[in-house]
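Subject: Structure handover

Hello,

Here is the structure I said I would pass on. My notes on it follow below.

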Amino acid sequence: AAFLSASVYTFVDQELSAAELERTFIAIKPDGVQRGLISDIIARFEKKGYKLVAIKLVHPTKDFAEKHYDDLKGRPFFNGLTDFLSSGPVVAMVPPPPPSQSMSNHTADPQVWEGQGVIKYGRKFIGATAPLASEPGTIRGDFAISVGRNIIHGSDGPETAKDEIALWFKPEEILSYKKETDKWLYE
Ligand code: ADP
C-alpha cells in the first residue's frame with residue numbers, strides 16, 4: 001500500500017506551474033450573442049477541459065473595436081467589421097489550459113509545446129475565417145455562414161493573445177483558481 005499511496009499522492013498533488021500556462025482571448029461576437037449561442041460556444045471549451053479564468057459581457061465602442069482589430073486597418077471590410085463588433089454586447093473570455101504532463105517531464109522550452117495549447121486548439125475549435133470553408137464540427141462550421149457574421153473571435157498567436165487580454169481585461173479581472181478536474185485531464 002505504501003508504493004500505491006505514494007503514486008496516488010503524486011497524482012493528486014500535481015501542481016500546474018504558472019510558467020507553463022497558456023492563455024488565449026476568446027470573444028463571442030454580437031451575432032453569437034443575439035443568436036443565443038453563448039452556452040453552445042462556452043460548452044465546447046469547457047467540455048474539452050479548458051479552464052475559464054475571466055468572463056464578462058461588454059458592449060464595445062466603435063473606438064474600442066478599432067483598437068481590437070488594429071491589424072486589419074486599411075482592409076476594405078474594416079469599417080463594417082468594427083461597426084459590427086460595436087453593434088451589441090460581446091462575451092469576452094480568457095480560458096487557459098493547464099500544461100500537459102509530458103511538458104513537465106521534459107526539459108524542452110515550453111514554447112515547443114505551444115502548438116498543443118489553447119491558442120492553437122482554440123483556433124481549431126473555431127474553424128476557418130470563412131464559415132463555409134470551416135469543417136463541420138468547428139464552431140463556425142456548425143453555426144455560421146458569412147465571413148462578416150462568423151460569431152466568434154480567438155487570438156491567433158501568443159503575442160496577439162497577450163495584447164488582446166490586456167486590451168479587454170484588467171489584471172484583477174483574471175482569476176487564478178484550482179480546478180479539481182485537472183488531475184483527470186492531464187496525466
Ligand atoms: P479570424 O477572425 O479568423 O482571425 P481575421 O483576423 O483575418 O480572421 O479577420 C478578422 C475578422 O474580420 C473575421 O473574423 C471576419 O469577421 C472579418 N473578415 C475577415 N475577412 C473578411 C472579409 N473578406 N469580408 C468581411 N469580413 C471579413
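In these notes a residue is buried if 20 or more other C-beta atoms lie within 10 Å of its own, exposed if 12 or fewer, and partly exposed in between, with C-beta atoms placed from the backbone. This is a predicted model: local features need pLDDT of at least 70, side-chain atom pairs count only at pLDDT 80 or more, and totals for chains, interfaces and linings use all residues. Residues are numbered from 1 along each chain as its sequence is written.

Gly-127 counts as buried because it has 23 C-beta neighbours inside 10 Å. Beyond four places in sequence, Gly-127 touches residues including Ser-134, Thr-138 and Arg-140 (contact: C-beta atoms, placed from the backbone, within 7 Å).

The ligand is surrounded by Leu-72, Phe-77, Leu-81, Thr-129, Val-147, Gly-148, Asn-150, His-153 and Asp-156 (C-beta atom, placed from the backbone, within 6 Å of the molecule).

UniProt, in an unreviewed entry, places the feature "binding site" at Lys-29, Phe-77, Arg-123, Thr-129, Arg-140 and Asn-150; such annotations may be inferred rather than shown by experiment. Two of these positions in turn:

- Asn-150 is buried, with 23 C-beta neighbours inside 10 Å. Leaving aside neighbours within four places in sequence, Asn-150 is in contact with Thr-129, Pro-131, Arg-140 and Ala-144.
- Arg-123 is partly exposed, since 16 other C-beta atoms lie within 10 Å. Leaving aside neighbours within four places in sequence, its contacts are Gly-154 and Asp-156.

Finally, Ile-151 has a positive phi of about 60° although it is not a glycine. Ile-151 is buried, with 24 other C-beta atoms within 10 Å.

Regards

Notes
Contact = placed C-beta atoms within 7 Å.
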